Amino acid sequence: HDFYQLLVLSGLKNKVNSAHAELHANWSLTIPWSPEMRYQPKGTVSKIQAEQILNAVRAKPNGVLRWIMKYW
């Protein structure tokens, strides 16, 4: 999924821009992710980078998933 496009198409782009700074930072970490990254050769994405993306998605209380669930 293209997270930026999802924000635009869902009408939530303005909400994320005006949200808590930590949530905004978490969204910024997830934007570069794409489904194709799963198929890149091992080592293309560092363990640290992968952990940062996962933590940005599942962080409490300002993680991307928790925020999306408010509008689901």
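How many helices and how many strands are there in the chain? There are five helices and zero strands, and reading along the sequence gives the pattern α-α-α-α-α. Please keep in mind as you explore that this is a predicted model.

**The chain as a whole**

- The C-alpha trace spans about 35 × 25 × 20 Å along its principal axes.
- The chain has 72 residues, and 25% of them are buried.

**Where α3 meets α5**

- Helix α3 covers residues 21-30 and helix α5 covers residues 64-71; the two pack with their axes 9 Å apart, at an angle of about 105 degrees.
- Because angles of 65 to 115 degrees count as roughly perpendicular, α3 is described as roughly perpendicular to α5.
- On the α3 side, the contact is made by L23, N26, W27 and T30, while V64, W67 and I68 take part from α5.

**A closer look at T30**

- T30 is found in helix α3, and T30 is also one of the residues that make the contact with α5.
- Is T30 buried or exposed? T30 has a relative accessible area of 0%, so this residue counts as buried.
- The side chain of T30 reaches the backbone oxygen of W27 at 2.9 Å, and W27 is another of the α3 residues in the contact with α5.
- Leaving aside residues up to four places away in sequence, T30 touches F3, I53, A56, V57 and V64. Among them, V64 belongs to the α5 side of the helix contact described above.

**A stop at L6**

- Where is the place of L6? You will find L6 in helix α1, which covers residues 3-10.
- L6 has a relative accessibility of 41%, so L6 counts as partly exposed.
- L6 and H24 are 18 residues apart along the chain, and their C-alpha atoms are separated by 15 Å.

Key: Residues numbered from 1 in each chain as written. Predicted model: local features only at pLDDT ≥ 70, side-chain atom pairs only at ≥ 80, totals over all residues. Heavy atoms only, no water. Axes fitted to C-alpha atoms, helices over the stretch in contact; angles between N-to-C directions. Helix = DSSP H or I, 4+ residues; strand = E, 2+ residues; numbered from the N terminus. Parallel < 35°, antiparallel > 145°, perpendicular 65-115°, else oblique. Contact = heavy atoms within 4.5 Å. Buried < 20%, exposed > 50% of the residue type's maximum accessible area, 1.4 Å probe, protein only. Polar contact = N/O pair within 3.5 Å; in protein donor to acceptor, adjacent residues only side chain to side chain.
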